[in-house]
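Please report on the sheets, the cavity and the pockets of the protein shown here.

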Amino acid sequence: MTYLVLDGLTKRYGEATAVDSLSLSVERGEFVSLLGPSGCGKTTTLQMIAGFVEPTAGSIVLDGRDLGRVPANKRGLGMVFQNYALFPHMTAAENVAFGLEMQGVRKAERQARVAEALQLVGLAHLAERYPARMSGGQQQRVALARALVIRPAVLLLDEPLSNLDAKLREEMQLELRSIQRTVGTTTILVTHDQSEALALSDRIVVMDQGRAVQVADPYSAYEDPASRFVGGFLGKANVFTPRPAQYQGETRACIGEAHIALEGAPMPSSAVIVRPEKILFSEPAACALPGRLKARVFQGNHWLCQVETSVGEVLVIRQNDGAPVPQEGAQVHLRWRARDMRPVHEAQ
């Protein structure tokens, strides 16, 4: 059942439109990410849901209740900010208890719920510690516990992991998703990190210039992007423009010197993207694109290779399976399957 509905949500600042007629339905217990570059309107959308920013037009309905005239502190929403916004003079337990005190929850129940929330985020042993003596990850967990302890109707996350180092950010992604599944709270995350959105979300809302340009589950958004913009923003992408060509009596998709068998797929009528991990080094063949390995970068579990070809530079991701990788300057051939070419709109 639809739980949160944004209908034609719009925010203008003078002649500038920050959010442009955004409509979105969120199910109870769903984890949805608003993803896009800086200035795309994702944070403004979150602030309108929270009640910090008044919409110019449109409505926000939560569980059948129109929030248009409901002040932020009466909406029953939990929020975790980018800088955590913890009170430095309060211990972890006191920070978590603050919202319950504002709600007038009695002391005995308040203590029990604070202990439960800190246990949930794995910080029961740090209940009496002050923020200044905590790591960034620990502070983030306290902020999350503070938001969850009030049992919010919706949990709003404003880039909560962006201040953490890469390793801790990955660990906290797993932790956050596990906690969200355990509690079952409907969650809206704002992020500019595509890997974070892919890892955490049930659905991703890709935004550009105030509009939602694609709403889909992470796999579909990555594998079948609605536009060239989405394909390029959700990971690395090679963009080609195939042309039909005859080869040995059959029509093939020609990209540079490569004649790619369509294998029953229709001839692409527009530009296509091919993900770097779908491209393989191969022996010379009619279906392979020749080139020169310009650069390669070792990234632990894979190699990122840049190949110069007649149709421009092509990125290749080669998994680190122990097999040798061509040296820089080597002549190489690249091949991929017709089904790995995903049609996209040139402009978006």
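## Basis of the report

Helices (H or I, at least four residues) and strands (E, at least two) are DSSP runs, numbered from the N terminus. This is a predicted model: local features need pLDDT of at least 70, side-chain atom pairs count only at pLDDT 80 or more, and totals for chains, interfaces and linings use all residues. Residues are numbered from 1 along each chain as its sequence is written, and side-chain values use heavy atoms, with hydrogens and water left out.

Four strands make an open, antiparallel sheet in the order β2-β1-β4-β5. Each edge strand, β2 (16-27) and β5 (65-66), has a single partner, so one side of each has no neighbour in the sheet. Strands count as paired if DSSP finds at least two bridges between them. β1 (residues 2-13) and β4 (residues 57-62) run antiparallel and are joined by 5 bridges. Threonine 10 has alanine 57 of β4 as its bridge partner. In a regular strand, side chains alternate between the two faces of the sheet.

Helix α1 (residues 42-50) lies across β1, β2 and β4. The helix runs at about 120° to β1. Axes are lines fitted to C-alpha atoms, for helices over the stretch in contact (heavy atoms within 4.5 Å). Angles run from 0 to 180 degrees between N-to-C directions. In α1, 7 of the 9 residues are buried, so the helix is largely enclosed by the rest of the structure. Buried means under 20% relative accessible area, with a 1.4 Å probe and protein chains only. The buried residues of α1 are Lys42, Thr44, Thr45, Leu46, Met48, Ile49 and Ala50. Glycine 51 follows α1 and has a positive phi, near 100°.

## The β12-β13 hairpin

β12 (residues 243-247) and β13 (residues 250-255) run antiparallel, joined by 5 bridges. Tyrosine 247 stands opposite glutamate 250 in β13. The two strands form a hairpin with 2 residues between them. In the turn, glutamine 248 has a positive phi of about 50°.

## The three-stranded sheet

A 3-strand open sheet has the order β11-β15-β21, with antiparallel pairing. β11 (238-240) and β21 (342-343) stand at the edges with a single partner strand each, so one side of each is left without a neighbour in the sheet. β11 is joined to β15 by 3 bridges. Asparagine 238 stands opposite valine 274 in β15.

## The cavity

The search uses a 1 Å grid over the protein atoms alone; a cavity is a set of points where a 1.4 Å probe fits but cannot get out. Grid points are joined across faces, edges and corners, and a volume is the space filled by probe spheres set on the points. Across the whole structure, 1 cavity of 30 Å³ or more is found. The largest cavity has a volume of about 40 Å³.

Lining residues have an atom within 4 Å of a point. For the largest cavity they are Tyr222, Glu223, Ile273, Val274, Arg275, Lys278, Asp340 and Arg342. By class, the lining has 3 nonpolar, no polar and 5 charged residues. Ala, Val, Leu, Ile, Met, Phe, Trp, Tyr, Cys and Pro count as nonpolar, Asp, Glu, Lys and Arg as charged, and the others, Gly among them, as polar.

A pocket is an open set of points with protein on both sides within 12 Å along at least five of seven lines. The largest pocket has a volume of about 650 Å³. Its lining holds 20 residues, with Leu77, Gly78, Met79, Gly99 and Ile150 closest to the centre. β6 (77-80), α2 (92-102) and α4 (136-149) each give two or more residues to this lining. The lining divides into 12 nonpolar, 5 polar and 3 charged residues.

The second largest pocket holds about 290 Å³ of space. It is lined by 13 residues; Gln194, Tyr222, Lys236, His302 and Ile317 lie nearest its centre. α6 (194-200) and β19 (312-319) each give two or more residues to the lining. The largest share, 4 residues, comes from α6. This lining has 4 nonpolar, 7 polar and 2 charged residues.

## Histidine 302

Histidine 302 belongs to strand β18 (residues 302-309). The residue is buried, with a relative accessible area of 15%. Leaving aside neighbours within four places in sequence, histidine 302 is in contact with Val297, Ile317, Arg318, Gln319 and Asn320. The C-alpha atoms of histidine 302 and glycine 322 are separated by 10.0 Å, with the two residues 20 apart along the chain.

Methods
Buried < 20%, exposed > 50% of the residue type's maximum accessible area, 1.4 Å probe, protein only.
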